[in-house]
Amino acid sequence: MAEAHQAVAFQFTITPEGIDLQLSYQALNQIYLSGVRSWKKRVSRIRNRVIKGMYPASPSSWLFVVIAILATMYMRSDPSMGLISKIQQHLPLSLSLSAQGQTMLSALVFSTLLWLSLILALRFCLKLLLSYHRWMFEQHGRVSNATKIWVTLLRLLSSRKPLLYSYQTSLPHLPVPAIKDTLSRYLESTRPLLSDPEFKRMKTLASDFECNLGNRLQRYLKLKALWATNYVSDWWEEYIYLRSRGPIMVNSNYYGMDFLFVTPTSIQAARAGNTIMAMLLYRRKVNREELKPSRVPGTVIPLCAAQTERMFNTTRTPGVEFGNTCLLILAHTQIYPERMISRDLFFFTDVLQHWLDSEFVAVYHKGRYFRLWVYRAGRLLSPREVEYQIQRILDDPSPPQPREDKLGALTAGDRIPWSQVRTQYFSSGVNKRSLDAIEKAAFFVTLDDEEQGMRGNDPAGNLDRYAKSLLHGKCYDRWYDKSFSVVIYQNGKNGLNAEHSWADAPTVAHLWEFTLATDAFHLGYTEDGHCKGEVDRSLPHPQRLIWDITPEVHAQVCSSLAVAKALADDVDCHVFPFRDFGKGRIKKLRVSPDAFVQIALQLAYYRDRGGFCLTYEASMTRLFREGRTETVRSCSNESSAFVKALESGESEEQCQQLFRLASEKHQNLYRLAMTGAGIDRHLFCLYIVSKYLGVESPFLKEVLSEPWRLSTSQTPVQQMELFDLKNHPDFVSLGGGFGPVADDGYGVSYIIVGEDMINFHVSSKHSFKETDSHRFGAQIKKAVQDIMRVLSADTKTSPGSKATSQNQPKN
């Protein structure tokens, strides 16, 4: 193949006349330019490392300090109080320098040390300021003087433009809550779910745990918090994600959707070209740290950006053995269903592999895998050139190699068989080279042969099929181990499927928001729907990946596919946009939109199942370094009281009062979770410590085995504000969703878009006859409407209700 020959820089043959050396100057030039690009990136990393190491000071501040010190010395004053003279006495070059030169050098050394001390002091002050969280609990419009001073100081220290990771070392560490507080909040959260005898029994278990084993485990946890950057995140990533043995498809991976009403082009190759290019531009901004640090909406408070580091060039690979302690931890941690935990003799853990750079993406189309180079001579291809290359793949008539087409099913099935097959058949030779091309790619692209989106005569049904397609596809046409896989459909719609272990949904949503906005508003298309830019038609063809799939491998592919198909067929997805009203009308009632939706979900579940359940709402802890998530237990005494009052026909005034109490309670729970005072991550870590120590706790065992029958999450929107939704109302995103956590429960994701729309994604299992996603979706619609009717019955709110106006940092 032509591209194979171009990859060879030189060839030589030995002849009777000597050595015949043939140089490929084009290949050598490619190597040279690629090396130049690599060195530019290294220099940029070093420069950024220096700049962010000085933040909130700047490199130019060193010169200011030096000039100030020299100016005071010129005025015959000693700002160092004798230190410059002492430095001068210990200079190793004192014999080779004049007296004036020694003085100047000593002054420079003192100035530099003073400058470094000032930087450390500023960073310490910034860390102290970022550790202040009392502002979050203050009522709207009643800001204390301490908070006003805090805001002023924080703005002063943050006035210089930061790089993406400038705040990382200044972020506080996640605190370990007092065990008494955690147990008290836990008991409060379980009260609406337990009968009086059950609650009394749980209270006894908690009291016994606190008096005996709890304090011992707490001491070990505090010891870990002293030396670990974050006492939760490494264990959370390892035990909840990487050591799960069941399929990550549906159970862990989640999806994001395209615009709801708009498809920028119907040409598949063109949409792929702009989408791939937008993601590579985002990667360039990440590498150069040109992205602004994410902040709490409406504030100057930064959020941890650590999850962004592994966004690209990352793959989850199955592999390493682990022992019985880890199995016990998994067996009683019900983040994943119990069926996902293997009880075989040998156990394994997955590994996240990240490469610093990759100049290609992996592409799947109709059972064939390709490596698509996105750089040419050190230059990033234009969108039109990427489209040209994608069209070549679409037009390629070659069939899949024997047993190649469903190879991706290995990543969709159970992890242990995939690990064993990978070790035995993909560790050398042509299979290893092709697998490396996928795993080391910047990301994975699927050119789907279906059409999706809200279209045709059945838009509601098509949205449901669109969600299922992104969640699991055909179970073999995505590479579920990649950090994310982009899907481009035949009609130009797109979407993505993201692996969960490396980052949470807000980080992926940030990338996806940039991608959609850049595609539609920055890169754009020509009048006939093609990408803009010029094409170098001498580009080598995308490289087909070659496989040697043995019958043994194919047998495992078929087995993994059967497991994945059974899981995918069991998922019931329902997606619907709610357009009666949105956060605009909710905020006019001085109610938090997130609290409004969460209480509506409690009402919907009560009507659907006739009771309450343990409810999971994901909250971020990225106010702290390497923070990920915490759980907000949305089913509270207050929310259940409101639901019961509404269903029993209490007066509207009584229901309004109970609703506002429930809303205030939910906001407070969310703030506690954000500020490190949550319940579940603390108990999770205590449980892990107990397993490492080999001690049993009936209390922790029971707590971590409780199923989350209602798992919910809000997808953030307009994190970057790249375009105005008011001026472009059709460019609203559908958001994304995930599969149900419990076999007998629901997964609900929602996105509050603009002022007048809320999009819902509901999932459940067909195999459990008492759940139905469409029925639950109808209950959500009715619950939202009924709550709005109750709250709107009397538009005159009491003065006390104004305190419920949200100061909560969520969209």
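**Exercise 1.** In this predicted model, aspartate 396 forms a salt bridge with arginine 368, with 3.6 Å between the closest N and O atoms. Determine where the two residues lie and whether each is buried or partly exposed.

*Solution.* Step 1: aspartate 396 belongs to the loop between helix 12 (383-395) and helix 13 (415-425), while arginine 368 is in strand 7 (residues 368-373). The pair thus links distant parts of the chain, 28 residues apart.
Step 2: buried means under 20% relative accessible area. Arginine 368, at 2%, is therefore buried, whereas aspartate 396, at 24%, counts as partly exposed.

**Exercise 2.** Locate the salt bridge partners arginine 478 and aspartate 448 and classify their burial.

*Solution.* Step 1: the N to O distance in this salt bridge is 3.3 Å.
Step 2: arginine 478 sits in the loop between helix 15 (459-472) and strand 11 (484-488), and aspartate 448 in the loop between strand 10 (444-447) and helix 15, 30 residues apart.
Step 3: arginine 478 has a relative accessible area of 1% and is buried; aspartate 448, at 2%, is buried.

**Exercise 3.** Describe the packing of helix 3 (residues 60-74) against helix 5 (residues 99-130).

*Solution.* Step 1: the helices pack at an angle of about 130°, and their axes are 9 Å apart.
Step 2: angles over 145 degrees count as roughly antiparallel and 65 to 115 as roughly perpendicular, so helix 3 and helix 5 are oblique to each other.
Step 3: their crossing is right-handed.
Step 4: by class, the contact of helix 3 with helix 5 has 13 nonpolar, four polar and no charged residues.

Methods:
Residues are numbered from 1 along each chain as its sequence is written. This is a predicted model: local features need pLDDT of at least 70, side-chain atom pairs count only at pLDDT 80 or more; totals for chains, interfaces and linings use all residues. Side-chain values use heavy atoms; hydrogens and water are left out. Axes are lines fitted to C-alpha atoms, for helices over the stretch in contact, and angles run from 0 to 180 degrees between N-to-C directions. Helices (H or I, at least four residues) and strands (E, at least two) are DSSP runs, numbered from the N terminus. Angles under 35 degrees count as roughly parallel, over 145 as roughly antiparallel, 65 to 115 as roughly perpendicular and the rest as oblique. A crossing is left-handed if the near helix is turned anticlockwise from the far one by less than a right angle, and right-handed if clockwise. Ala, Val, Leu, Ile, Met, Phe, Trp, Tyr, Cys and Pro count as nonpolar, Asp, Glu, Lys and Arg as charged, and the others, Gly among them, as polar. A salt bridge is a side-chain nitrogen of Lys or Arg within 4 Å of a carboxyl oxygen of Asp or Glu. Buried means under 20% relative accessible area, exposed over 50%, partly exposed in between (1.4 Å probe, protein chains only).
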